[in-house]
Amino acid sequence: MAGPRAADVLGRITLVSGSEEFLSERSVSAVRAAVRSHDPEFEFAESMASDLTMATLGEMSAPSLFSATRCVVVRALENLPDESVEGLLDYAASPVEDVALVLVHGGGQKGTGVLNKLRKLSSVVEVKSQSLKASEFGRFVVGEARSVGARMDDEAASFLVQAVGQDLRALAAAVDQLANDFHGEPLDVERVKRYFGGRAEAKSFAVADAAFYGRRSAALEELRWALDGGTAAVLVTSAFAGSARGLARYISAPRGLREGELAKEVGVPPWKLRTLRDQVRGWSRDGLADAINAIARADADIKGAAHDPAYTLERLVLTIADLRDRH
């Protein structure tokens with residue numbers, strides 16, 4: 001993922017829009033890095049949009065005694081005062097040649113009028129940082145690995161997402177750690193498991209997978225390991241709910257779809273379809289409906305007045321394993 005060049009940002013406006021803070025901050029950092037590569041002595045200024053006036057913008061973008069090259073970041077553009085809108089648009093239509101102006105909008109409807117006017121200007125380049133869908137986190141991880149010169153397949157990326165969760169900052173840090181510790185080696189699922197296989201979310205999915213395969217003994221053993229390792233009971237029911245939803249979507253998906261289309265329809269990475277194809281044998285719509293009800297009851301018990309969450313989860317494991325092939 002190559003960053004922008006100095007020519008892409010100097011004398012231009014980079015509009016960063018969207019609610020995913022990590023991606024927004026990365027875009028801002030990329031602009032700063034591009035300016036620094038052009039002029040290591042550049043000057044940096046930052047302001048909240050709520051404090052922005054044409055006077056303050058003029059001060060931030062004016063050359064100093066030390067450097068004519070500047071990077072100016074204006075955050076929370078959605079809070080730009082009405083009286084400053086026209087002045088900002090005038091500047092954006094004719095930006096200063098040696099200034100890289102970054103405007104950061106946090107997403108949402110507020111301030112979209114300014115966004116739409118900025119988008120019409122040829123000097124404005126927009127970088128979107130929208131929140132990822134569940135099916136997109138694996139792709140993000142694969143891209144992160146590629147950006148640091150490593151190789152990671154889809155299965156390893158999906159396991160890492162299950163293990164670490166859907167926090168992009170944590171995922172990026174995990175990929176960076178793996179790439180450094182296994183320099184030049186493929187980051188396959190075994191290497192990911194070696195580092196992150198003990199994470200609570202990964203253990204929870206192991207319990208759910210075994211139960212939906214109908215493997216009672218294996219599921220109970222995975223459950224004991226998970227609980228002994230400190231996995232919260234709600235993470236286990238959450239993993240069960242995710243597995244049930246995936247199977248339900250798989251059963252309900254239109255026939256004749258290509259693998260990529262089917263993965264998108266079901267909301268899983270393509271490699272996960274292999275697991276669903278294996279698990280779905282022995283499951284009917286009625287059986288899955290009963291399973292979903294059982295998961296909902298167990299989740300309510302754990303979040304409510306259940307005195308023994310371990311017993312509740314054991315009962316859930318046995319119920320799900322027994323429902324397979326029943327209908």
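**Helix crossing and a buried strand**

Me: In this predicted model, which hand does the crossing of helix 12 and helix 15 have?
Reply: The crossing of helix 12 and helix 15 is left-handed.

Me: What makes helix 12 roughly antiparallel to helix 15?
Reply: The angle. Helix 12 (residues 233–252) and helix 15 (residues 285–303) pack at about 160°, with axes 10 Å apart. Angles over 145 degrees count as roughly antiparallel, so helix 12 is roughly antiparallel to helix 15.

Me: Which residues make the contact?
Reply: Helix 12 contributes residues including Val234, Phe240, Leu247 and Ile251. Among those from helix 15 are Leu288, Ile292, Ile295 and Ile302. Contact here means heavy atoms within 4.5 Å.

Me: Why is strand 4 called largely enclosed by the rest of the structure?
Reply: Buried means under 20% relative accessible area. Seven of the seven residues of strand 4 (residues 99–105) are buried, so the strand is largely enclosed. Val99, Leu101, Leu103 and His105 point one way. Ala100, Val102 and Val104 point the other way, and all are buried.

Me: How do you know that strand 1 and strand 4 pair?
Reply: Pairing takes at least two bridges. Strand 1 (residues 12–17) and strand 4 are joined by six, and they run parallel. Ser17 stands opposite His105 of strand 4.

Me: What makes strand 3 a partner of strand 4?
Reply: Five bridges join strand 3 (residues 70–75) to strand 4, again against a cut-off of at least two. The two strands run parallel. Cys71 has Ala100 in strand 4 as its bridge partner. From strand 3 the chain crosses through helix 4 (residues 82–93) to strand 4, a right-handed β-α-β crossover.

Methods:
Residues are numbered from 1 along each chain as its sequence is written. This is a predicted model: local features need pLDDT of at least 70, side-chain atom pairs count only at pLDDT 80 or more; totals for chains, interfaces and linings use all residues. Side-chain values use heavy atoms; hydrogens and water are left out. Buried means under 20% relative accessible area, exposed over 50%, partly exposed in between (1.4 Å probe, protein chains only). Helices (H or I, at least four residues) and strands (E, at least two) are DSSP runs, numbered from the N terminus. A crossover is right-handed if, with the strands pointing away from the viewer, the path from the first strand over the helix to the second runs clockwise. Axes are lines fitted to C-alpha atoms, for helices over the stretch in contact, and angles run from 0 to 180 degrees between N-to-C directions. Angles under 35 degrees count as roughly parallel, over 145 as roughly antiparallel, 65 to 115 as roughly perpendicular and the rest as oblique. A crossing is left-handed if the near helix is turned anticlockwise from the far one by less than a right angle, and right-handed if clockwise.
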